[in-house]
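Have the model open while you read, and let's walk through it one piece at a time.

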Amino acid sequence: MKKLICLLLALVMTLSLAACGSTTDAGSAPAATSDGEKTAAADEKIVVWTLANDLKQFADRYKEETGREVEVVVFDSADYATKIMQTLGAQSKDLDVFVGEPQMLPNFFEAGFAADLSELDAQVSEKLVDYTHQAGQDEDGVLRAVSYQACPGSVIYRRDLATEVFGTDDPEVIGEKFSTFNKIAETAEELNKAGYKIFADTGSLRWFSISSNPWVNANNEIVIDQDRLDYFDTAVQLYQNGCVANASEWSAPWYSSMAGPLPVLDADANVWEMTGDGLAEQVAGGAKTTQVFSYVLPSWGALIVRDNAMDNKGKFGVCSGVCSFFGGGTFLAVNEFSDKKDAAIDFIEYCTLNNDTAQWWLEASNGDVVSNKEVLANNADFQNESFGNQNTYDFYLKEMEHIDYSMITGYDDACKEAFGSAIVSVQKGEKTKEDALKEFYTVVTTQFPELVVPADAPIN
Amino acid sequence: MASKEKQGQHIKAGRSGIQRLNSYGYLFCLPFVLAFLVFNVYPVFRTFQMSLMNYKGFGKETFVGFTNYARAFKDVLFRESFGNTLKMWGLNIVLQLGLALLLTIIFNDIKYRMRGLSIFRAIFYLPNLIACTSVAFLFKTLLDWKYGSFNQVLMDLGIISEQVNWLKGEAGTAQAVVGVVGAWMWFGNSFIMLMAGVQGINNSYFEAAYIDGANRWQVFSKVTMPLLRPIMLYVAITSLIGGLQLFDIPYLISGTTGDPGRSLYTAVFYLYNMAFKNNQMGYAAALAFVLFLIISVFCAIAFKLMNKKEDR
């Protein structure tokens with residue numbers, strides 16, 4: 001008897017290990033359908049996995065208007081991509097719609113997670129901003145993801161400081177001062193003399209790293225053109241001449257700088273240990289202070305500046321920089337393994353291609369830039385009081401016309417990171433520019449052996 | 001005759017009883033064996049298969065033979081990261097073993113007769129029980145160059161005149177910090193191993209040595225060390241295997257960047273980035289096997305060196 005009990009316990013332990021990691025269908029399985037046959041979408045609840053809370057509002061509105069249930073599950077952005085890769089790697093049917101940012105999409109497409117959305121292609125091409133259409137296509141040009149938002153970038157600057165230093169806050173005039181890297185360097189010196197810092201840190205310049213050419217050309221050569229060399233030199237100059245506030249992006253000083261004066265920080269200050277209250281105490285205690293003149297961010301960044309501006313609300317404006325760029329954005333895709341594809345596509349169509357929904361989101365989000373061109377054009381005269389009554393939608397619509405998606409490559413993130421490290425090593429005096437660039441080429445070609453250093457690389 | 005038949009029957013009955021017991025033994029081993037096969041053996045073979053492929057961790061796998069291995073041996077960054085690992089582990093093992101040996105000698109000295117060994121053993125082992133994440137964040141806070149307690153104390157004592165940037169300054173300093181942190185975490189474990197080894201040595205050897213007029217150093221070098229060699233070898237080799245796979249502390253203490261200047265970038269850190277950041281799973285799998293080969297060679301060398309003198 002004892003032996004039998006022991007055997008049973010051992011078996012239970014073994015079976016418990018086997019049960020780990022099994023995937024099960026959530027809820028009841030829908031009726032099987034043949035190819036091409038539409039499912040009864042009306043009664044089916046679909047599940048959406050996302051990394052931001054926006055889609056909860058879309059889901060609520062969708063239910064009010066159509067009666068269809070949508071369950072939105074929000075994951076922390078740091079865990080999201082891993083969660084999707086693991087879950088859909090097991091061909092799970094636990095979700096029907098998932099989201100991805102542009103840099104995640106190529107991996108999702110290659111892994112076969114995103115269903116074909118060709119039936120929406122004509123509408124997307126007609127209604128939505130061009131770069132979002134391209135970003136949602138796989139390498140064969142098949143549409144697999146659609147976004148309800150566009151994220152064009154801009155320089156978000158302080159109008160009051162611009163008037164004080166330059167005599168004007170006109171976006172055209174200020175934009176001219178950010179139109180090339182050399183002009184940025186001159187503007188930085190001018191602001192520094194007046195006691196202001198052009199940027200929170202030199203990382204702001206990275207958004208302009210794709211200005212003239214892609215990081216890797218059609219011959220798999222790594223491209224460091226004159227623009228990138230100017231970017232390099234400007235970043236080093238701004239750092240070494242004390243023209244930036246040393247408030248790293250996303251740190252407490254970075255947020256605090258949007259609301260008002262910031263204590264002058266050393267280049268080596270550990271900003272990650274600082275708090276907003278601590279900084280406010282230092283300012284109140286009479287510490288030497290400065291103010292940050294501008295931030296370079298995509299359109300969602302403008303909302304962050306607006307939300308953290310406090311007493312500075314209304315004092316900001318947006319203007320162009322060295323080049324048009326975009327960053328981030330929430331793209332919706334249908335799970336290739338879902339049994340409710342039609343219901344999922346219906347939800348995506350509602351969120352992204354419905355003019356009323358786009359107009360509603362534009363108002364409900366209080367400033368998010370939608371991808372719908374017609375809705376943006378209809379709101380071109382909207383005066384955004386958070387940005388000095390500027391016609392921000394009109395501005396962003398024009399910026400997006402210059403975004404060239406063909407410049408984006410799968411090597412961009414690695415190149416930007418390695419280039420950034422090279423810049424930092426020269427900023428801190430650890431390497432010469434030539435050694436730093438050699439290191440950059442070594443790092444990138446080691447990570448990606450298929451890439452080559454061109455004969456005219458600026459290291460010889 | 002009848003009694004022999006009865007004996008035969010008894011023996012036969014005995015044999016089936018032993019066989020029954022053996023069957024139960026196999027059955028009780030089965031859960032562990034199954035789990036071992038699934039979670040240890042299968043991943044090794046699957047990793048080797050991946051190492052022969054061009055594979056991102058998703059999508060298609062394309063067979064490329066030993067191309068990944070050839071790339072690993074030419075990879076400048078892998079060599080650099082392995083060099084970093086050796087430096088950090090080298091300092092770690094010297095401090096770890098040195099401190100453990102010293103404490104072992106003190107606690108085992110028959111003249112000192114130190115008391116409270118069990119309490120001290122528990123205290124020394126405590127750092128090993130703290131999660132690596134907590135250790136990394138603890139030392140990041142203590143060693144912060146501007147506000148960290150360590151710099152404050154050293155300046156108050158007059159040992160340094162200005163703050164030292166322990167973690168983001170010189171590459172060598174950052175590597176030394178990781179080595180010291182590792183030694184702090186693991187010296188307790190080594191101490192327990194060495195104490196167990198020393199306590200296995202008959203006290204009469206020490207007594208005889210002292211009676212013959214040997215001093216402490218002679219007792220240590222001529223009696224303790226030779227008899228402790230097998231345990232030392234075990235500690236050294238297990239430390240080597242673990243140390244060359246160093247990842248958690250440098251990864252966390254550098255804020256996942258490997259800075260300053262990639263000095264905290266270890267071999268496994270590099271492998272991890274290849275697999276999960278650069279989506280080059282096939283190459284990362286090859287790196288894992290190359291690392292395995294390197295560690296095996298190092299272990300073989302260590303084994304030969306430590307046994308050489310004994311053979312003589």
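Two residues are in contact here if their C-beta atoms, placed from the backbone, lie within 7 Å. Keep in mind that this is a predicted model. With that cut-off, the contact between the chains takes 24 residues from chain A and 21 residues from chain B.

Which elements of chain A give two or more residues to the side that touches chain B? They are α1 (2-19), α3 (77-89), α4 (105-110), α18 (412-427) and α19 (433-447) of chain A. The most comes from α1(A), which puts in six residues. Sort that side of chain A by class and you get 10 nonpolar, nine polar and five charged residues.

How far can you trust chain A? Its pLDDT averages 91, and 94% of the residues score at least 70. The stretch to be careful with is residues 20-41 of chain A, where pLDDT stays under 50. For those residues the model has 20 contacts beyond four places in sequence.

Now for the inside. The largest nonpolar core has 124 residues, and A:Val97 and A:Phe347 are the ones with the most contacts inside it. This core draws at least three residues from each of two domains of chain A: domain 1 (44-151 + 327-379) and domain 2 (154-325 + 406-447). Click on A:Val97 and look around: leaving out residues up to four places away in sequence, A:Val97 touches A:Ile46, A:Val48, A:Leu332, A:Val334, A:Asn335, A:Ala344, A:Phe347 and A:Ile348.

β6(A) runs parallel to β8 (residues 289-292) of chain A, and two bridges join them. To spot this pairing, look for A:Tyr196, which stands opposite A:Gln291 in β8(A).

Last stop, chain B. It is divided into domain 1 (2-51) and domain 2 (75-311), and the C-alpha centres of these two domains of chain B lie 40 Å apart. How many residues of domain 1 of chain B are in contact with domain 2 of chain B? Four, and they meet six residues of domain 2 of chain B. On the domain 1 side of chain B, the residues split into two nonpolar, two polar and no charged.

Definitions and conventions
Residues are numbered from 1 along each chain as its sequence is written. Chains are lettered from A and ligands numbered from 1 in the order in which they are written. This is a predicted model: local features need pLDDT of at least 70, side-chain atom pairs count only at pLDDT 80 or more; totals for chains, interfaces and linings use all residues. A nonpolar core is a set of buried Ala, Val, Leu, Ile, Met, Phe, Trp, Tyr and Cys residues joined through C-beta atoms within 7 Å. A residue is buried if 20 or more other C-beta atoms lie within 10 Å of its own, exposed if 12 or fewer, and partly exposed in between; C-beta atoms are placed from the backbone. Domain bounds come from an automatic or database domain assignment. Helices (H or I, at least four residues) and strands (E, at least two) are DSSP runs, numbered from the N terminus. Ala, Val, Leu, Ile, Met, Phe, Trp, Tyr, Cys and Pro count as nonpolar, Asp, Glu, Lys and Arg as charged, and the others, Gly among them, as polar. pLDDT is the predictor's confidence in each residue, from 0 to 100. Two strands pair if DSSP finds at least two bridges between them.
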